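Open the model in your viewer and keep the sequence panel beside it.

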Amino acid sequence: MRLDTSLNIAIIQSDLVWENPAQNRINFSEKIKSLPNTLDLIVLPEMFTSGFTMSPQSVAETMDGDTVLWMQTIASQKDTAIVGSIVIKENNNYYNRLVFVYPNGALQTYDKRHTFTLAGEDKVYAKGNKTLIIDYKGFKIRPLICYDLRFPVWSRLSNTYDVLLYVANWPEKRIAAWDALLKARAIENMSYCIGVNRVGLDANNYNYSGHSAVYNVLGDNLISLQPNTECIKQVVLTKSHVDNTRNKLRFLEDRDDFILK
């Protein structure tokens with residue numbers, strides 16, 4: 001009997017077809033088809049069906065729409081969880097919503113807290129105000145979205161997780177910040193930190209260079225995906241690494257208490 005002390009994760013660094021959910025689902029289906037059936041989790045980028053669009057009305061779906069159904073189908077076929085963010089319309093608002101689908105089709109969601117004002121995301125997307133901790137196969141996973149990475153207090157609200165997970169459309173011109181902040185979030189929270197970013201040029205002429213990566217509790221790089229290239233890599237996370245390092249060093253016991261307003 002398998003002990004749930006490890007997670008076998010595949011991260012997919014991909015180009016995205018602008019505002020074309022159907023074609024993006026086809027493209028990701030082809031990539032996922034080649035993956036083994038031994039995975040625990042597949043991670044896709046932010047807004048993986050559309051690119052980082054500020055025209056949500058052209059691509060928005062509902063929670064019973066084609067993309068969520070597609071994610072549930074993939075999860076069932078591969079017997080794995082799958083996660084990424086998509087544009088959702090709900091109660092007359094648009095959300096940049098991360099959707100986590102369990103192998104049995106059950107869902108959990110997180111709405112992006114920090115909408116990207118520089119691109120006007122705050123003008124067209126409602127921001128979320130709730131945190132999410134996902135219990136999955138012996139791990140607690142804290143999912144966040146792109147711009148959230150710049151705000152350490154938001155990830156520090158709770159240390160009751162083992163993995164920080166960021167999905168992103170983070171442009172090449174600021175990729176040095178992406179690299180530095182992923183490592184910093186791992187170190188300061190003593191957690192694994194996963195960042196999955198897209199590649200390619202979008203319709204606004206912004207280039208995305210990827211730099212998807214996984215860091216361990218001490219900020220050591222476990223894997224980095226080749227820049228400016230579509231690629232997939234797998235990594236295995238172990239719960240004992242988190243528990244043993246935290247118990248030995250106990251840095252989190254000295255953290256400051258605070259209240260978020």
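Begin at the second largest pocket of this predicted model, which has a volume of about 200 Å³. Select Arg97, Asp111, Gly128, Asn129 and Lys130: of the 13 residues that line the second largest pocket, these lie nearest its centre. Next, colour the strands β4 (93-101) and β5 (107-111), each of which supplies at least two residues of this lining. Which strand gives the most to the lining? It is β5, with three residues. Sorted by class, the lining of the second largest pocket holds three nonpolar, five polar and five charged residues.

Now move to the largest pocket, whose volume is about 300 Å³. Its lining has 19 residues, and the closest to the pocket's centre are Phe52, Phe116, Ala119, Pro171 and Arg174. Select those five and show their side chains. By class, the lining of the largest pocket is made up of 11 nonpolar, two polar and six charged residues.

The next stop is a pair of helices. Select residues 21-33 for helix α1 and residues 66-78 for helix α2. Their axes come within 12 Å and cross at roughly 10 degrees. Angles under 35 degrees count as roughly parallel, and α1 and α2 are therefore roughly parallel to each other. To see where they touch, show Arg25, Phe28, Ser29, Ile32 and Lys33 on α1. On the α2 side, show Asp66, Thr67, Trp70, Ile74 and Lys78, which meet those α1 residues. This contact of α1 with α2 has four nonpolar, two polar and four charged residues.

What do the side chains of Lys31 and Glu230 meet in? They meet in a salt bridge, with 3.5 Å from N to O. Side chains of opposite charge can pair when their charged atoms come close. To continue, look for others: the whole structure has 16 salt bridges.

Note on methods. Residues are numbered from 1 along each chain as its sequence is written. This is a predicted model: local features need pLDDT of at least 70, side-chain atom pairs count only at pLDDT 80 or more; totals for chains, interfaces and linings use all residues. Side-chain values use heavy atoms; hydrogens and water are left out. Axes are lines fitted to C-alpha atoms, for helices over the stretch in contact, and angles run from 0 to 180 degrees between N-to-C directions. Helices (H or I, at least four residues) and strands (E, at least two) are DSSP runs, numbered from the N terminus. Angles under 35 degrees count as roughly parallel, over 145 as roughly antiparallel, 65 to 115 as roughly perpendicular and the rest as oblique. Contact means heavy atoms within 4.5 Å. Ala, Val, Leu, Ile, Met, Phe, Trp, Tyr, Cys and Pro count as nonpolar, Asp, Glu, Lys and Arg as charged, and the others, Gly among them, as polar. On a 1 Å grid over the protein atoms alone, a cavity is a set of points where a 1.4 Å probe fits but cannot get out, and a pocket is an open set with protein on both sides within 12 Å along at least five of seven lines; lining residues have an atom within 4 Å of a point. Grid points are joined across faces, edges and corners, and a volume is the space filled by probe spheres set on the points. A salt bridge is a side-chain nitrogen of Lys or Arg within 4 Å of a carboxyl oxygen of Asp or Glu.
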